[in-house]
Amino acid sequence: MKLSQFRFRLPEELVALYPHHRAFELEDGTIERVYSRDQCRLMVVHRKSQTIELTKKDDKGKPTDEQLNFRNIVDYFDEGDTFIFNDTKVFPARLYGTKEKTDAQIEVFLLRELNPELRLWDVLVEPARKIRIGNKLFFNDEGPMVAEVIDNTTSRGRTLRFLYDCPHDEFKEELFSLGEAPLPRYIVNQRRAEPDDMEQFQTIFAKNEGAVTAPATGLHFSRELMKMMEIRGFQFAFVTVHCGLGAFDSIEVEDLTKHKMSSEQMAINHETCELVNKAKLDGHRICSVGVSTLRATETAVGTNGLIKEYEGWTNKFIFPPYDFGLADTLVTNFYHPESTMLMATAAFGGYDLVMEAYQKAIDNEFKFGCYGDALLILND
C-alpha cells in the first residue's frame with residue numbers, strides 16, 4: 001500500500017491533550033482534574049459483518065442513544081477469553097538542561113542507558129544544532145548533575161556521559177527526579193508535562209522499566225475494570241515491549257514496503273506462552289491490547305499459530321495486507337494520519353472498514369492520540 005492512502009484531515013481540537021477527566025475550577029482560578037481511565041469513549045468494529053457500533057444496545061439488542069464507554073468492553077467477551085498486555089514501564093525521559101557559558105535551554109530526551117558503570121546514555125537533543133562534542137550540560141542550579149557530550153550518533157542523537165560520582169542506584173534516582181513524563185511531541189507542543197502525567201502516562205500494570213512512551217491502549221484499564229474482568233473469568237497475559245519513538249517517526253517513502261521501523265526491545269516468557277497457547281487451543285479469543293503488543297506477538301508467533309518464548313528486538317512493521325498469526329481481537333486507540341499505528345490497525349480490521357471507522361470517529365468527535373478514545377475490533 002501507499003503512504004498517501006493513510007492521509008486524512010484530523011481537526012486539531014480532536015487530539016486529546018489530557019486523559020478522560022472531569023475538570024473543576026477552584027477558588028484561586030486553578031483547574032483541578034479528576035481522571036477516569038476507563039471512562040473514555042469506545043467504538044466497536046465487527047470485521048466479518050462490516051458493522052460499526054458507537055452506542056449501547058437495549059435489552060432487545062437495538063441501538064440506543066447512549067454512547068459506549070470503555071468499561072463496556074467487558075460485554076463483548078466471554079469466560080476464558082485472554083487479554084495480552086504490554087507491562088513495560090515508562091521512565092521520566094524528558095529533561096531540560098542549560099548549556100555551559102551560553103545558558104541556552106536544551107531539551108534532552110533519554111533513550112536508553114548504554115553503560116551503567118560509565119554513566120553513558122543515548123539521547124536526543126533539541127535544538128541539536130547548538131550541541132557539539134565536548135559541550136557540557138547542567139541540569140539543576142544546586143545539584144551536581146552535569147553531562148558531557150562525547151559523540152554524535154544521528155542528526156539529533158548524542159551520547160552523553162553524566163559526571164556524577166555515586167552508586168548507580170543513587171545516580172538513576174537523582175537523574176529521574178529531574179525528568180518529566182515523556183509525552184508525545186504533539187502534546188508538549190501544546191502544553192508542558194504536569195506532575196499528574198507521570199502517573200497518568202503509566203499503565204497500572206507497568207512492571208519492567210525501559211519505555212520512553214506509554215503503550216497507550218493499556219492506559220484505559222483501571223484497577224476496577226481489571227477486577228470486573230477477573231470476576232467474569234477473563235485471563236490476563238503479559239509481554240514486555242519497551243516502546244520507543246520509532247512509532248512516531250515520519251515515514252519518508254510512498255511505498256510502505258521500503259519503510260524500516262526502528263527496533264524495540266521485547267520479551268515473552270514461558271508463562272505467557274503457556275497461558276495464551278492453551279486459551280487459543282481451547283477455542284477462546286485472544287485480544288491484543290495495543291499495537292505494541294500486536295507487533296510483539298507477531299514477532300514471536302509460529303506457523304502453527306502459537307507463540308514461542310522470545311527475548312531480543314523487533315522491528316516488525318505491520319501494514320495491509322497482512323495475515324495475523326495469533327490475536328483475533330484488537331483494542332487500540334485512534335491515531336494520527338500516516339502513523340504506523342493506524343497502518344497496523346487497518347491491517348487487522350481491513351483497510352476500508354478501519355478508514356470508515358476513523359471517519360465516523362471524526363464526525364462524532366472522538367478524541368485521538370495516546371490520551372484519546374478507544375477502538376475495539378472483533379472478528380465477528
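1. How much accessible surface does the protein have, and what share of it belongs to carbon and sulfur atoms? About 18,100 Å², with 45% on carbon and sulfur. Accessible areas come from the Shrake-Rupley method with a 1.4 Å probe; for residues, only the protein chains shown count as cover.

2. This is a predicted model: local features need pLDDT of at least 70, side-chain atom pairs count only at pLDDT 80 or more, and totals for chains, interfaces and linings use all residues. Residues are numbered from 1 along each chain as its sequence is written, and side-chain values use heavy atoms, with hydrogens and water left out.

3. The protein has eight helices and 21 strands (DSSP runs numbered from the N terminus: H or I of at least four residues, E of at least two). The radius of gyration is 22 Å, close to the 21 Å of the globule rule for 380 residues, so the protein is as compact as a globular protein of that length. The radius is taken over C-alpha atoms; the rule is 2.2 Å times the number of residues to the power 0.38. Along the principal axes, the C-alpha atoms fill a box of roughly 70 × 55 × 45 Å.

4. Contacts (heavy atoms within 4.5 Å) are worth a look. Of those between residues at least 6 apart in sequence, 70% join residues at least 24 apart.

5. Of the 380 residues, 53% count as buried (under 20% relative accessible area, 1.4 Å probe, protein chains only). Cys-166 is buried at 13% relative accessibility. Cys-287 is buried at 1%.

6. The whole structure holds zero disulfides (cysteine sulfur pairs within 2.5 Å). For Cys-287, the nearest cysteine sulfur is that of Cys-40, 14 Å away.

Notes:
Buried < 20%, exposed > 50% of the residue type's maximum accessible area, 1.4 Å probe, protein only.
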